[in-house]
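Try each task before reading its solution.

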Amino acid sequence: MVAELERRLRSNIWKYTVMGVVNKRIFAAIISVYYLTIPDVTVQTVGLILLVGNVVSFFLEIPSGYISDKLGHKQTLVMSSILMVCSTILFLFANSVTLLMLASTIMCASWAFKSGTGSAFMHETLRALNIEHEYSRIMGKVSAIGFSVPIILTVLVPFLVSISYKVPFLIALIMDVIGLFVVFSLVVPPVTPEHVKEVGITNFKQVMKEAYRLNFFSVVLLSAFIGATATSFSMFRDPYQEFVGISVIWFGVLFGLGRGLASLMLAYSGRIKNVLTLPSFYLWQIFLFGVLYLIAWSIDSWLVVAVVFVLANAIQWGFSKIDEGYQLQIISGSKFKATLLSVYSQLKSLISGAISFVLGTLILHFSYQKSFLILGIFFIIVSFSMYWYIIKKHEAGDYGRDV
């Protein structure tokens, strides 16, 4: 009986891998250009669409995590998958700014219900299998497959748009339906009666106090800021690449290269994490992204621009499971992992929405390069101020001995 339960729980790993593959937005390589094909959409509108979606995501993130911990992680993942299907259908038939905003909003809502919940579900699965200490290694490899397999379709996307910009969204819809069936088949990890009781009687205020006690907010704020800035930067990848003379047909190839490098980094997440400390992990991210933003400002060669966005894509996603691993180490004893991990996503949504809107406005009134300079300076100043605080906390042992 125990062996059968273990076998079924282990199936969650390959099922979550499949979910990672089908949940990738293969149309991401041309999404900004697709927006611009819709009547009345400008570069500033692109930033506004992201802002609206992220504002909704901001208000849903923590409540969605709290609902997930109360309602159940699997049930919440099912809800997320249903929302993603609805979002893709709206993108497929969008012919106005209103429908684009609605599609983007529902997509962000889907991500809100999945973020934190998926990680918490898999952490509980690995804990039930007594291998939770291997989270970064296992989930790094799962994510590596999730990034690498869709690369083929991503590379083909620019060729598919020669038929119609709708084709990538039709393919995404088929993948979303497959993902929905896989989510339904997930096996719920067993929890102790004490766990159920604690979740049942704990209120939201107590959860936030626990996060403060664990010093979780200082780490998650820096992590969210780095991720949000990278997301905002990437939102203007396609228009800027087109501006410097890169043909749309290469967008998928370049996007695929970035995801390929990310996949390679994810596959070695366990090893990378073993040679880094919490402060050095964030220092590397600040340094690398800061350099990339400043290069984007100083050089407008199409080749350099292509390399900058490929590397930004790779670094943002390649380090994601290491980041998640550190966060889970800090909150490993909490019964509300989905809620606490949602704090990261909520902060990232809010910051990303604000930066994207401001960046779009700056580009409209100045230029891409001057806007990237402002972004780079702002990023370095803000991130270093938070980084020094984390160093002090880490030296004092406030994040626990194992972090």
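**Exercise 1: aromatic rings**

Task: How many aromatic pairs does the count come to, and which residues do ring pairs link into a cluster?

Solution. Keep in mind that this is a predicted model. Step one is the tally, and the count comes to 23 aromatic pairs. Step two is to follow the links from ring to ring: F225, F233, Y240, F243, F289, Y293, F309, Y368, F372, F378 and F379 are joined into a cluster.

Task: Over which ring does the charged end of K273 sit?

Solution. The ring belongs to Y326, and the charged end of K273 is 4.5 Å from its centre.

**Exercise 2: helices α12 and α16**

Task: Are α12 and α16 roughly parallel or roughly antiparallel?

Solution. Start with the geometry: the axes of α12 (residues 216-235) and α16 (residues 278-298) cross at roughly 25° and come within 11 Å. Angles under 35 degrees count as roughly parallel, so α12 is roughly parallel to α16. Their crossing is left-handed.

Now look at who touches whom. From α12 come V219, L222, S223, I226, T229, A230 and F233, while α16 brings L278, Y282, Q285, I286, F289, Y293 and A296. Sorted by class, this contact of α12 with α16 has 11 nonpolar residues, three polar ones and no charged ones.

**Exercise 3: helices α12 and α20**

Task: At what angle do α12 and α20 pack, and how far apart are their axes?

Solution. The angle between α12 and α20 (residues 368-395) is about 165°, and the axes are 9 Å apart. Angles over 145 degrees count as roughly antiparallel, which makes α12 roughly antiparallel to α20. This crossing, too, is left-handed.

The contact includes F225 and F233 of α12, together with F372, F378 and F379 of α20. By class, the contact of α12 with α20 holds 15 nonpolar, three polar and no charged residues.

**Exercise 4: helices α4 and α5**

Task: How do α4 and α5 run relative to each other, roughly parallel or roughly antiparallel?

Solution. First, the numbers: the axes of α4 (residues 73-93) and α5 (residues 97-114) cross at roughly 160° and come within 8 Å. The two helices are therefore roughly antiparallel to each other. Next, the handedness: α4 passes α5 in a left-handed crossing.

Finally, the contact: among its residues are L77, L83 and F91 of α4, and L99, W111 and K114 of α5. In all, the contact of α4 with α5 has 17 nonpolar, five polar and one charged residues.

How values were computed
Residues are numbered from 1 along each chain as its sequence is written. This is a predicted model: local features need pLDDT of at least 70, side-chain atom pairs count only at pLDDT 80 or more; totals for chains, interfaces and linings use all residues. Side-chain values use heavy atoms; hydrogens and water are left out. Axes are lines fitted to C-alpha atoms, for helices over the stretch in contact, and angles run from 0 to 180 degrees between N-to-C directions. Helices (H or I, at least four residues) and strands (E, at least two) are DSSP runs, numbered from the N terminus. Angles under 35 degrees count as roughly parallel, over 145 as roughly antiparallel, 65 to 115 as roughly perpendicular and the rest as oblique. A crossing is left-handed if the near helix is turned anticlockwise from the far one by less than a right angle, and right-handed if clockwise. Contact means heavy atoms within 4.5 Å. Ala, Val, Leu, Ile, Met, Phe, Trp, Tyr, Cys and Pro count as nonpolar, Asp, Glu, Lys and Arg as charged, and the others, Gly among them, as polar. Rings of Phe, Tyr and Trp (its six-membered ring) pair if their centres lie within 6.5 Å; planes under 30 degrees apart count as stacked, over 60 as edge-to-face and the rest as tilted. A charge sits over a ring if NZ of Lys or CZ of Arg is within 6 Å of the ring centre and within 35 degrees of the ring normal.
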